[in-house]
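Ready for a couple of worked exercises on helix packing and cores?

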Amino acid sequence: MIKERIEKLRKLLKERNIDAFYITGSDAHQSEYVAPRWRGREYLTGFSGSSGSVVITQKRAALFTDSRYFIQAAREIEKHGVILMKSGTSDPDPVEYIKREAGEKANVAVDASEISISEFRAMQKALSPLTLTAAEDILSLIWTDRYPVPFSPVVMLSDDITGEKSSDKIERVRDEIKKKGAAWTFISSLDDIAWLTNLRASDIPHNPVFYAYMLITEKEAILYTDINRFECLDNLPFSVKPYEEAISDIENHIAGTGYINDKRVSMSFSFLEKYSLIVGRDVTTDMKAQKNEREMEGMRKAHLDDAVSYVNFLSRLEREGAGDEIAVSDMLEREREKREDYLESSFSPISAFASNGAMCHYSASEESNRKITRGLLVLDTGGQYKGGTTDITRTLLFGEATEEEKRDYTLVLKGHLALSRQKFIKGTTGCQLDVLAHQFLWNEGMSYFHGTGHGVGCRLNVHEGPMNISTRLVDVPLLPKMVISDEPGLYKENRHGIRIENLIAVKEDMNTEFGTFYSFEVLTLVPYEKRLIDMSLLTEIETAQIDMYHERVRKALMPYVEKDAVKYLEKATSPLKEK
């Protein structure tokens, strides 16, 4: 089936004198997770991961993806004749590959709506003297049963949840772009628009966003989306126009200098380049990253609810047994569904047993679903609640642990603890803290290659910027009320995977003669797997830190867990020396 799709595309490309076709894997808003309509990467290769691009030439089809998906991608594409190119290794990147495969005078095309202005211009320069064209939607000509642009009704969040009216946010945006010397801004980022409008929907699974564009000028605020999403358009602090009219209508409302994020605005809006533009990160992205106190209250409540569900689940798992990977994640989901404020999962669950755990973004299917016997299970899940979003990973032990498993788990745990207890001076960025999580693995000649921490939205996307904690040099200081993950891991192919993840929030800690210092508030309230801890590798500080955390977990959850879970909670949170 996939081979036939590729051949149909090749025939079409040949008719149009196109030697190479580049698929970004994103949508018209450069989203990380996309609605089914924009899953062209999977349609042409069979790869179901959330990151990667594709190049189709007359002779070959190649998938480019990062280390999170090397094992998974190899398994999913091997029978389709697609070549895997491993990003960050000696394999060529898409530009190098196109130059090598398509020839010096090749014509290269990409869907204008699925590539940002920034990426297109950089690729255009890198491919020179080859010709790169921002083309029409070529893929739809062969994908005849392609999904439509998704539709879901919007929900207006109350001020009790958001802590700030949409009208006040819009005024803040106007003030910020004015400081930058701009008279208008055009926003394409979906979670930024959801945050700015205080609206939520469900166009993308697990991400409570809706497809839209937003234009803010000195006097107008216009939301371009499907008008039928609204039951009533009265009393909104912005006007609403059809989504498909954005391209033709924007120029009727703008004059003077504009401000855009050219990394998120697609080439479909390249006409904006004729205006005087200031280019930078959307101002809403920074505003959204720093939660207000009402949002923090919602996040804390969501994590308490989530932890109650999780401990009830762990207790039930101990009593009833596991079954298989899907059965475990389903059991946890049923516990979450019992909570009044629970809405849905915040991403597709990762339930990966034994060697499947070595694929850090593995997703169990009916074909791959593995029966659980003795070994480690990486369980990475999260929830969307009325007032907040959660993301938690625990590595669970079934049966007796090997010495290697205990050592590996403890080394990951030591990095996880070191990061969460660190105090740091104002102005510190995530990349300056990343070594804290890696250090114990590096000292043993081991590592992991995904980020240590990503930002998390409030009843929004489980991944958000601009901050992160990783080896990448992201020059964004960590600021109070930013919520970020702490999730070091270790992955050994054909053996096991380990990851431990809590969400942590930056908070003010102290002021001294040397400046302002911050620390982290741990939001997640779920016990670690004590049976996997090698006490001989822990310091007294680490032992005390775990015991204090477990005591806090026990006190917070004991009034709310089911009666059947009380004994489990007491045992799981007892002092380490009693384990």
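For what follows, contact means heavy atoms within 4.5 Å. Keep in mind that this is a predicted model.

**Exercise 1.** Work out which residues of helix α16 are buried and what covers them.

*Solution.* 
Step 1: Go through α16, residues 563-572, and pick out the buried ones: A565, Y568, L569 and A572.
Step 2: Look down the axis. These residues span an arc of only 100°, so they sit on the same side of α16. An α-helix has 3.6 residues a turn, so residues three or four places apart point the same way.
Step 3: Now find the cover. It includes α11 (293-320) and α15 (540-557).

**Exercise 2.** Describe how α11 and α16 cross, and sort the residues of their contact.

*Solution.* 
Step 1: The two axes come within 9 Å and cross at roughly 95°. Angles of 65 to 115 degrees count as roughly perpendicular, so that is what α11 is to α16.
Step 2: α11 brings V311, N312, L314, S315, E318 and R319, while α16 brings D564, A565, Y568, L569 and K571.
Step 3: Sort them, and you get 5 nonpolar, 2 polar and 4 charged.

**Exercise 3.** Find the residues with the most contacts inside the largest nonpolar core.

*Solution.* 
Step 1: This core has 73 residues, and F186 and M214 have the most contacts inside it.
Step 2: Ask which helix gives the most to this core: that's α8 (residues 190-197), with 5 residues.
Step 3: Click on M214. Among the residues M214 touches are I170, F186, I193, L196 and F238.

Technical notes: Residues numbered from 1 in each chain as written. Predicted model: local features only at pLDDT ≥ 70, side-chain atom pairs only at ≥ 80, totals over all residues. Heavy atoms only, no water. Buried < 20%, exposed > 50% of the residue type's maximum accessible area, 1.4 Å probe, protein only. Helix = DSSP H or I, 4+ residues; strand = E, 2+ residues; numbered from the N terminus. Arc of directions from axis to C-beta. Axes fitted to C-alpha atoms, helices over the stretch in contact; angles between N-to-C directions. Parallel < 35°, antiparallel > 145°, perpendicular 65-115°, else oblique. Nonpolar A, V, L, I, M, F, W, Y, C, P; charged D, E, K, R; others polar. Core = buried A, V, L, I, M, F, W, Y, C linked by side-chain atoms within 4.5 Å.
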